[in-house]
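Visitor: Let's go through this one together. I'll ask, you answer.

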Amino acid sequence: MFKREKKTKFYLFGGKGGVGKTSMAAATALYFAKKGKKTLIISTDPAHSLSDSFETKIGGEIKQLDKNLFAVEIDPKKAMQEYKEKFTPELEKFEMLKGFGLDETFDFAGSTPGIDEIAAFDKFLQYMQSKDYDIIVFDTAPTGHTLRFLSLPDILDSWIGKMIKIRMKLSGIIDTFKKFLPFGDSGEDKKIGTEQLDAMKKRIEEARRILSDPEKTSFNIVMIPEAMSIYESERALQILKEYGIPVKHIIVNQTIPENPSCHFCTARRNNQMKRLKEIKEKFKDFQIKIVELFPEEMKGFKMLEKLGKKLYD
């Protein structure tokens, strides 16, 4: 089993689009960094709003933002390109063998639905295995995207199975026709993607173990006190349970503070209070954190530090 020097803890944030996941993830990362924990925050959201939150261009390579604070934004398209560069050249050598019943297995490297997400997930796994950080925070995409993202270990397992199937088929064919193939004696057929496959397989196993360990992983559902957000959070919790991902906290964001002099604010707050009562009943088994709407826009280090203190102090 993979050993890391530090006992890294993982914080994942998910929820409906527009509920403030990125702000919560960024505030969490900054909070732990200020506490002296070496922290990495990773965005898997194609919109990459993490750069906006920190008011700093981050990009696809790990960048230090502050003392103990590092960030990276995974670019699915770039990850897919790197992925295809690893595997496609090996497969293209065997284009002439499509007639031997391998047609179905040859197209998956370039045309599998969600190949960009698979590539991004593998990148996610590589960072997850880092032994350099005390805390790793994942700012995930909106709920639907995230749940599909979390199911990708199963897809990857199937994908690896196809690669192994190709290797086995080619091995038999090449053994038979060795003398007629230009690379027949090189032994490369035995190595098609072997190193990458083995490494990926280990990453998948490690990710499953980490994501299902409540001592290491906390998936935080971020929501707002509105009907659609409640519904989507219920659905997300059910699917996370199926995948064995532990959820500790429900963060209810954007609640309107009391303001008796504003009739509109009071009406909105009254509606929210009804939804909050519903949330407390539906999610009574979880720790619920209520975060009031800030008067200022939630971006920049100063505001994120304020939010972090409200969340954890």
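**Lys37 and onward**

Visitor: Lys37: buried, partly exposed or exposed?

Guide: Lys37 is partly exposed, at 39% relative accessible area. Buried means under 20%, exposed means over 50%, and partly exposed is in between, using a 1.4 Å probe and protein chains only.

Visitor: What kind of model is this?

Guide: The model is predicted: local features need pLDDT of at least 70, side-chain atom pairs count only at pLDDT 80 or more, and totals for chains, interfaces and linings use all residues. Residues are numbered from 1 along each chain as its sequence is written, and side-chain values use heavy atoms, with hydrogens and water left out.

Visitor: Back to Lys37. Where is its place?

Guide: Lys37 is in the loop between α1 and β2 (39–43). Helices (H or I, at least four residues) and strands (E, at least two) are DSSP runs, numbered from the N terminus.

Visitor: What is Lys37 in contact with?

Guide: Leaving aside neighbours within four places in sequence, Lys37 is in contact with Phe32, Asn68, Asp134 and Ile135. Contact means heavy atoms within 4.5 Å. Take Asn68: it is 31 residues from Lys37 along the chain, and their C-alpha atoms are separated by 6.3 Å.

Visitor: Now the whole chain. How many helices and strands?

Guide: There are 12 helices and 8 strands. Of the 313 residues, 50% are buried. Take contacts between residues at least 6 apart in sequence: 77% of them join residues at least 24 apart.

Visitor: Next, rings. How many aromatic pairs does the structure hold?

Guide: The count is 7. Rings of Phe, Tyr and Trp (its six-membered ring) pair if their centres lie within 6.5 Å; planes under 30 degrees apart are stacked, over 60 edge-to-face, and the rest tilted. One of the pairs is Tyr31 with Phe32: the centres are 5.5 Å apart and the planes are at 80°, so this pair is edge-to-face.

Visitor: And are Tyr31 and Phe32 buried or exposed?

Guide: Tyr31 counts as buried at 14% relative accessibility. Phe32 counts as buried at 13%.

Visitor: What about Phe54 and Phe301?

Guide: That pair is tilted, because the ring centres are 5.4 Å apart and the planes are at 50°. Phe54 lies in helix α2 (residues 50–54) and Phe301 in helix α12 (residues 301–312), so the pair ties together parts that are 247 residues apart in sequence. Phe54 is buried, with a relative accessible area of 1%. Phe301 is partly exposed, at 25%.

Visitor: Which residues form an aromatic cluster?

Guide: Tyr11, Tyr31, Phe32 and Tyr312 form one.

Visitor: What lies over the face of Tyr133?

Guide: Lys38 does, at 5.2 Å from the ring centre. The rule for a charge over a ring: NZ of Lys or CZ of Arg within 6 Å of the ring centre and within 35 degrees of the ring normal.

Visitor: Pockets next. How much space lies in the largest pocket?

Guide: About 380 Å³. A pocket is found on a 1 Å grid over the protein atoms alone, where a 1.4 Å probe fits: it is an open set of points with protein on both sides within 12 Å along at least five of seven lines, and lining residues have an atom within 4 Å of a point. Grid points are joined across faces, edges and corners, and the volume is the space filled by probe spheres set on the points.

Visitor: Which residues are closest to the centre of the largest pocket?

Guide: Val19, Gly20, Ser23, Asn253 and Gln254, out of 19 lining residues. The elements giving two or more residues to the lining are α1 (21–34), β7 (247–255) and β8 (287–292). α1 gives the most, with 4 residues.

Visitor: How do the residues of that lining divide?

Guide: They divide into 7 nonpolar, 8 polar and 4 charged. Ala, Val, Leu, Ile, Met, Phe, Trp, Tyr, Cys and Pro count as nonpolar, Asp, Glu, Lys and Arg as charged, and the others, Gly among them, as polar.

Visitor: Ser23: buried or exposed?

Guide: Ser23 is buried, at 14% relative accessibility. Ser23 lies in helix α1. Leaving aside neighbours within four places in sequence, Ser23 is in contact with Ser53, Met298, Leu304 and Leu307.

Visitor: And how much space lies in the second largest pocket?

Guide: About 190 Å³. Its lining divides into 4 nonpolar, 1 polar and 6 charged residues. The largest share, 4 residues, comes from α10.
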